[in-house]
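Dear colleague,

Please find the structure below, handed over for your study.

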Amino acid sequence: MNEVRYSRQMLFRPIGPSGQARLQASRVAVVGLGALGTVLATELVRAGVGFTRLIDRDVVEMSNLQRQSLYDEVDAAEGRAKAEAAAERLRQANADVEIEPVVADLNWRNAEQWLTDVDVILDGTDNFEVRYLINDVAVKHRIPWVYGGAVSSFGTMAFLNPGDTPCLVCLFGADRSGGGTDTCDTVGVIAPVVAIVASYQVAETLKFLTGNDQHLHRSMLYVDVWNNEFQRLQMGERNPECPCCGQRLFAHLNVQADSLTVSLCGRRTIQVRPSQEWTVPMERMAERLRPFGQVRFTGSLLRCEFDDWQLTLFSDGRALLHGVEDVARARSLYARYVGM
Ligand SMILES: [Zn+2]
């Protein structure tokens, strides 16, 4: 171990040389290398966590650079895969640890392959479809995970430890589709709130990995940097009837088809269909999409003209993406603009 590299962290008494050695022996996975994920990965790798897996399905775009500090203009111009660009940048910061980039869309088929050989899973995603999947894997295999979300100027964070704390389903119910559909691509996000939420996620991870469980937050953090709110929300007790951690049904893992079924539908049109039907709040959705192009809203369906593609959204959540040829891009656009 490099004594100089970690000297300031080892001077911090709760970590010390023994905590540092534990970090070196630890393995984590970061899901999503966007705004939260780049902060998560940076702090974990620099702290000396021995193995970090970086999982992301997207490529770097110019609109990422305002907050995703691991990427630069060349990455955006070349459309590099985020996981690979992030891994390359972080290896320059710390060559003593192992970094494994995975360019993949995390889903029920591969989630257990990528998430079960680690000590902690960190949520850097932007949607609840993937968070519920992470929660299923975490509960099934008793792996702690750190939920994090940031949009606009506010964010939330919670360290969820199966068997000890409530799980995501206990906290938010089995179906988050009735909740807000705000995403960073519809209402925006500012960098400061992302850095705060992600840093809290890493702090919780460092406490757990170094055996400082008594310092864990044990509640949900809510912060709004613009409206000056900082709250600690009680998570309450585990729900014994919870379909996930109570009944161990793992609905997001034991599916017969992708939770988003994506199929080619003629030339340059792709259909995206969520496996669970949900009722889209069409008027609110129309309002959210208006800044991105002309929106036409006719009863049961909504159309939005983006620059180089068009969205047709049905009230049951099904969507047609016209002018899109790549299945992964269709999935990504759906998660971004429609959400779940
Ligand atoms: Zn639960």
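**Strand pairing around S6**

In strand S7, Tyr222 is the bridge partner of Thr156. Two strands are said to pair if DSSP finds at least two bridges between them. Please note that this is a predicted model, in which local features need pLDDT of at least 70 and side-chain atom pairs count only at pLDDT 80 or more, while totals for chains, interfaces and linings use all residues. Residues are numbered from 1 along each chain as its sequence is written.

Strand S7 covers residues 220-224 and pairs with S6 in the antiparallel sense over 4 bridges. S6 (residues 154-160) is mostly covered, with 5 of its 7 residues buried. A residue counts as buried if 20 or more other C-beta atoms lie within 10 Å of its own, as exposed if 12 or fewer do, and as partly exposed in between, the C-beta atoms being placed from the backbone. S6 is also joined to strand S5 (residues 145-151) by 7 bridges, and these two strands run antiparallel. Within this pairing, Met157 of S6 is the bridge partner of Gly148. The hairpin of S5 and S6 has 2 residues between the strands, and Ser152 there takes a positive phi near 55°.

**The sheet of 8 strands**

These strands belong to an open sheet of 8 strands with mixed pairing, in the order S3-S2-S1-S4-S5-S6-S7-S8. Strand S3 (98-103) and strand S8 (229-233) stand at the edges with a single partner strand each, so one side of each has no neighbour in the sheet. From one strand to the next, the twist averages 15°. Strand S4 (residues 120-123) pairs with S5 in the parallel sense over 2 bridges, and the bridge partner of Ile121 in S5 is Trp145.

Two helices that lie across strands of this sheet may be noted. Helix H5 (residues 82-93) lies across strand S2 (51-56) and S3, running at about 165° to S3. Helix H7 (residues 128-141) lies across strand S1 (27-31), S4, S5 and S6, at about 170° to S4. For these angles, axes are lines fitted to C-alpha atoms, for helices over the stretch in contact, and the angles run from 0 to 180 degrees between N-to-C directions.

**The nonpolar cores**

Which residues have the most contacts inside the largest nonpolar core? They are Val30, Leu54, Ile121 and Val194, in a core of 78 residues. Helix H10 (residues 191-209) gives the most to this core, with 9 residues. A nonpolar core is a set of buried Ala, Val, Leu, Ile, Met, Phe, Trp, Tyr and Cys residues joined through C-beta atoms within 7 Å. Leaving out residues up to four places away in sequence, Ile121 touches Ala29, Val31, Leu115, Ile134, Ala138, Ile143 and Trp145. Two residues are in contact if their C-beta atoms, placed from the backbone, lie within 7 Å. Another core, of 20 residues, lies apart from the largest one and includes Ile270, Met285, Tyr334 and Ala335.

Tyr334 and Ala335 are among the buried residues of helix H12 (residues 327-337), as are Ala330, Arg331, Leu333 and Tyr337. Just after H12, Gly339 takes a positive phi of about 75°.

S11 pairs with strand S12 (residues 301-305) in the antiparallel sense over 5 bridges, and Gln294 stands opposite Glu305 in S12.

Apart from neighbours within four places in sequence, Ala286 is in contact with Val295, Phe297 and Leu302. Leu302 is 16 residues from Ala286 along the chain, and their C-alpha atoms are separated by 7.1 Å.

**The two domains**

The chain is divided into domain 1 (7-233) and domain 2 (260-337), with bounds that come from an automatic or database domain assignment. Their C-alpha centres lie 28 Å apart. The contact takes 11 residues from each of domain 1 and domain 2.
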